[in-house]
Amino acid sequence: MHYWKGLESVPADFGPSVVTIGNFDGVHRGHREVLSTLTALAARRHASSVAISFDPHPAQVHRPDTCPPLIMGLADRIDSLAATGIDALLMLHYTLEFAQATAGEFVKGIIVDRLHACAVVIGHDVRFGRGNAGDFDTMVALGRQYGFDVIGIDDIGDERRWSSTWIREALTDGDVATANEILGRPHRMRGEIVHGAARGRELGFPTANLATDASGIIPADGVYAGWLLDESEMAWPAAISVGSNPTFEGVSRQVEAHVIDRPAEDVGDFDLYGQQAVIEFVARLRPMVAYHGVEALIEQMNDDVERARAILAHDRAGA
């Protein structure tokens, strides 16, 4: 996949193309249906398939104090879009100045003059241009004016439209099963492995701690079964703790993964500090609760590991 950071990176002779537009936060099943339509149409028309996206997310520019957390970081968004088989991704730097372009200016300057689109694939709820004034009918009218077709995609989902909003709601509730169903894969966070308080190691459950600036939404506090992927993309089954452990005072909120069944002779060599790692959430085991004493906590942690082991034995993530 070609990755273009800004219009200046697009080759002058590029085209023809079939284009879609979106934030693609999560690159969930609904997004992938749109992108599948895009690539199939581009192949039929002997054109290149191009997705236009934005960084930062427009909500971070217009509503920095109230914008929702992003499901995934930029690196994961790029990788996930590349995995769909599109030919090119045009990432536009979103600013308040950029947002002043009218719908017509956006289409003429980018889709027509630079990408030489012969078709545009969009949802019927699309909004674009200054003040989000452009909608599906606007795009159809501009298509007639500039000579490209517009293909509308209906809402995709089961009892509810698959959306990034729904995923965020599910993760906020700790419902990773629903989030993963919409995503079509486990929800993930990515970040550096850093030193923690080593309390888990003292209890016999050493953990890899994600840095607080890790990308991806943090699910609700609790214990989860999932996978830890190191920099070599080796996937390790893990019991994952999210939150501030209420059994101990003064513990800040954190995400940490205990690798299950790591051979004892390899523990000393299993040093992930400083690595960029990924944690994938497969299933929620329980909420975070306080225990009366360390012995009760250790008993619960042993049970968490057993349940995580059983769940992950049947999970294909990381296989």
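Residues are numbered from 1 along each chain as its sequence is written, and side-chain values use heavy atoms, with hydrogens and water left out. Because the model is predicted, local features are reported only at pLDDT of at least 70 and side-chain atom pairs only at pLDDT 80 or more, whereas totals for chains, interfaces and linings use all residues.

The largest pocket has a volume of about 1300 Å³. A pocket is here an open set of points, on a 1 Å grid over the protein atoms alone, where a 1.4 Å probe fits and protein lies on both sides within 12 Å along at least five of seven lines; lining residues have an atom within 4 Å of a point. Grid points are joined across faces, edges and corners, and the volume is the space filled by probe spheres set on the points. Of the 42 lining residues, Ile 21, Gly 22, Asn 23, Val 126 and Arg 127 are the closest to the centre of the pocket. At least two lining residues come from each of β2 (17-21), α1 (29-44), α2 (58-62), β5 (117-123) and α6 (164-172), where helices (H or I, at least four residues) and strands (E, at least two) are DSSP runs numbered from the N terminus. The lining comprises 18 nonpolar, 15 polar and nine charged residues, with Ala, Val, Leu, Ile, Met, Phe, Trp, Tyr, Cys and Pro counted as nonpolar, Asp, Glu, Lys and Arg as charged, and the others, Gly among them, as polar.

Helix α4 (residues 103-112) packs against helix α5 (residues 136-146) at an angle of about 50 degrees, with the axes 11 Å apart; axes are lines fitted to C-alpha atoms, for helices over the stretch in contact, and angles run from 0 to 180 degrees between N-to-C directions. The two helices α4 and α5 are therefore oblique to each other (under 35 degrees counts as roughly parallel, over 145 as roughly antiparallel, 65 to 115 as roughly perpendicular and the rest as oblique). In their contact (heavy atoms within 4.5 Å), Ala 103, Gly 104, Val 107, Lys 108, Ile 111 and Val 112 of α4 meet Thr 138, Met 139, Leu 142 and Tyr 146 of α5. This contact has seven nonpolar, two polar and one charged residues.

For α6 and helix α7 (residues 176-183), the angle is about 155 degrees and the axes are 7 Å apart, and these helices are therefore roughly antiparallel to each other. Trp 166, Ile 167, Ala 170 and Leu 171 of α6 make the contact with Val 176, Thr 178, Ala 179, Ile 182 and Leu 183 of α7, which has eight nonpolar, one polar and no charged residues.

In the backbone, a cis peptide bond with omega of about -5 degrees joins Gly 15 and Pro 16, and Pro 16 lies in the loop between β1 (2-5) and β2. A cis peptide bond also joins Asp 55 and Pro 56, with omega of about 0 degrees.
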